[in-house]
Amino acid sequence: MPFTLRKHKAIKDKKIQIFLIQNLGLDPKVGQRLTSKGRIFDENMNTINTGDVIPTDYIYIAVFEGMTKGLKPLLEFKDFAIFDKPTNLMVHPISKNTPYSLLDEIRYHFGENANLIHRIDAETSGLVIVGKNKQSEIDLKEMFQEKKYHKSYLAIVQGELKEEITINKGLDREGKAIGVRMMVCDKGKESITIIKPIKYNKEKDLTLIEALPLTGRQHQIRVHLHSIGHTILGDPIYGVDDENAENYLNKTLSEEDRFTVTKSNRLWLHANYLEFEYKNVTYKIFSKNKDLYKEFLF
């Protein structure tokens, strides 16, 4: 389990936030995050919320302790590391019951101060940057927020795409049955993706493409490709009906049914390249994952 309960001698009737800061020496932001996320409990396992007083002589704090399944960084530097994430791995736990995520490996290798700089979808494979300390996390996240980086993806899409195309279509939530599904619309947030065809497999009627997102919207590449009739191979949300999308999200879609409706058992989208500058050094990093080429060719 990614969360472990740590027992602490408490001061009964003292406000939890003050106790965390004064007695446990936690940063106020850390204490606020722990209480707001329901990770502090009394001896009866009742949640202690922000503003509450401590009702018992001991408290328990749920802390994230990383475990490993053998995934190692692709590259490691003094302040940051790069992981080449496999498909079907969440980058961050979505609840206390998430059994394993990339954050497990990050904390296992680099300790509790290491953190993700950006995220990619669970089924999207490829490069993820990790800050190894709080300062590098701040600096690298600022770099991402200011879009001072270049990122490109590889994808296998349905049908033949013959020419490079720039898709400039706003994106917004669909707001219907599938809550996470996005749609293109005139009034949506500005979203631009450059799509470059690399090779066409006539036998499979699939095109290997490079996608360069100039903005960073949710599901941007997936929605943009679907909007021009070239849905990504294996996409269980775009290009499928609501029932199958709902079953996928509820984890009730069998592998056989998924293959029938999407023609694959995974989303063939891969974060392949990252280029950025950090402390006056330019880094250009390519993924070593070859699974996508194998799927496309064979």
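Student: Is K279 buried or exposed?

Tutor: K279 is exposed, with a relative accessible area of 58%. Buried means under 20% relative accessible area, exposed over 50%, and partly exposed in between, with a 1.4 Å probe and protein chains only. This is a predicted model, where local features need pLDDT of at least 70, side-chain atom pairs count only at pLDDT 80 or more, and totals for chains, interfaces and linings use all residues. Residues are numbered from 1 along each chain as its sequence is written, and side-chain values use heavy atoms, with hydrogens and water left out.

Student: Which residue forms a salt bridge with K279?

Tutor: D79 does, and the closest N and O atoms are 2.8 Å apart. A salt bridge here is a side-chain nitrogen of Lys or Arg within 4 Å of a carboxyl oxygen of Asp or Glu.

Student: What does that pair tie together?

Tutor: D79 sits in the loop between strand 4 (75–76) and strand 5 (80–85), and K279 in the loop between strand 14 (269–278) and strand 15 (281–286), so the pair links parts 200 residues apart in sequence. Helices (H or I, at least four residues) and strands (E, at least two) are DSSP runs, numbered from the N terminus. D79 itself is buried, at 10% relative accessible area.

Student: How many salt bridges does the structure hold?

Tutor: The structure holds 10. Another of them joins E137 to K134, with the closest N and O atoms 3.8 Å apart. Both residues are in helix 4 (residues 134–145), three residues apart, so about one helical turn separates them. E137 is buried at 9%, and K134 is partly exposed at 40%.

Student: What about R222, which partner does its side chain meet?

Tutor: R222 meets D235 in a salt bridge of 2.8 Å, N to O. R222 lies in helix 5 (residues 220–227) and D235 in the loop between helix 5 and helix 6 (242–249), so parts 13 residues apart in sequence are tied together. Salt bridges with shared partners join D121, R222 and D235 into one network. R222 and D235 are both buried.

Student: Where does strand 2 come in?

Tutor: Strand 2 (residues 40–41) pairs with strand 3 over two bridges, in the antiparallel sense. There, F41 is the bridge partner of Y60 in strand 3.

Technical notes: Two strands pair if DSSP finds at least two bridges between them.
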